[in-house]
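Let's take a walk through a protein model together. Please have a look at the sequence and the structure first.

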Amino acid sequence: MPAKRPPVPLSRERIIEAALHIADSQGLRRLTMRRLGDALQVEAMAIYHHLPRGKEALMDALAEHVTTVHVEQATTWQETARSWCRAERELLREHPGVLALALTKPPKGATAIAIREQTEQLADGGLDNAAEAVRALRAFVFGSVAVEVQQSGWADPEVDEWVRRDERADVDFERGLDALLKGLQT
């Protein structure tokens, strides 16, 4: 008889990945601690060891996961901003199930650190009012992804298969990003 494999140790990262899978495939409302425990093959109470504040800590961790983006400083502040916006958009599009959290949870932890880093990169690149620019860029990215997810059919129970990639949305995003970057130059 083959030996039984030891269980994979529970970790914060494993919890977040499983929670993202549930939220993306079934929706955020279906994400319960019990369902998460079942997916991880542990008792729901075991999750509290890694997230002592329970569901609230889980929601914070999910929001932080999809809103923490780091990019290398580019030659110009515009290219740095463009890299950040594209990376953030991709991360948010990968996890439509937690977009609502990204839009409503205040930035804290790693997200707050990433925002400070983005602000410093734009300021170091020569942009005046870098903090205002980061707020505008975040608003643009989050808003465009929200519209894209809405139009994809992801949350529509009548839709059998939602559109994960839309070339028109890519063109619209780049056009909007170009316009915003030009506006920030003045």
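This is a predicted model: local features need pLDDT of at least 70, side-chain atom pairs count only at pLDDT 80 or more; totals for chains, interfaces and linings use all residues.

Residues are numbered from 1 along each chain as its sequence is written, and side-chain values use heavy atoms, with hydrogens and water left out.

In soluble globular proteins, nonpolar side chains tend to be buried together. Here the largest nonpolar core has 49 residues; such a core is a set of buried Ala, Val, Leu, Ile, Met, Phe, Trp, Tyr and Cys residues joined through side-chain atoms within 4.5 Å. Buried means under 20% relative accessible area (1.4 Å probe, protein chains only). Among the members that touch the most others are Leu 58 and Leu 62. Helix 8 (130–152) is one of the contributing helices and gives the most, 9 residues. Helices are DSSP runs (H or I, at least four residues), numbered from the N terminus.

Now find helix 4 (55–67). Its buried residues include Leu 58, Leu 62 and Val 66. Leaving out residues up to four places away in sequence, Leu 58 touches Ile 15, Ala 19, Leu 31, Met 33, Leu 36 and Leu 51; contact means heavy atoms within 4.5 Å.

Finally, look at helix 5 and helix 9, whose contact includes Trp 77 of helix 5 and Phe 173 of helix 9. By class, this contact has 8 nonpolar, 2 polar and 7 charged residues, where Ala, Val, Leu, Ile, Met, Phe, Trp, Tyr, Cys and Pro count as nonpolar, Asp, Glu, Lys and Arg as charged, and the others, Gly among them, as polar.

Definitions and conventions: Buried means under 20% relative accessible area, exposed over 50%, partly exposed in between (1.4 Å probe, protein chains only). Helices (H or I, at least four residues) and strands (E, at least two) are DSSP runs, numbered from the N terminus.
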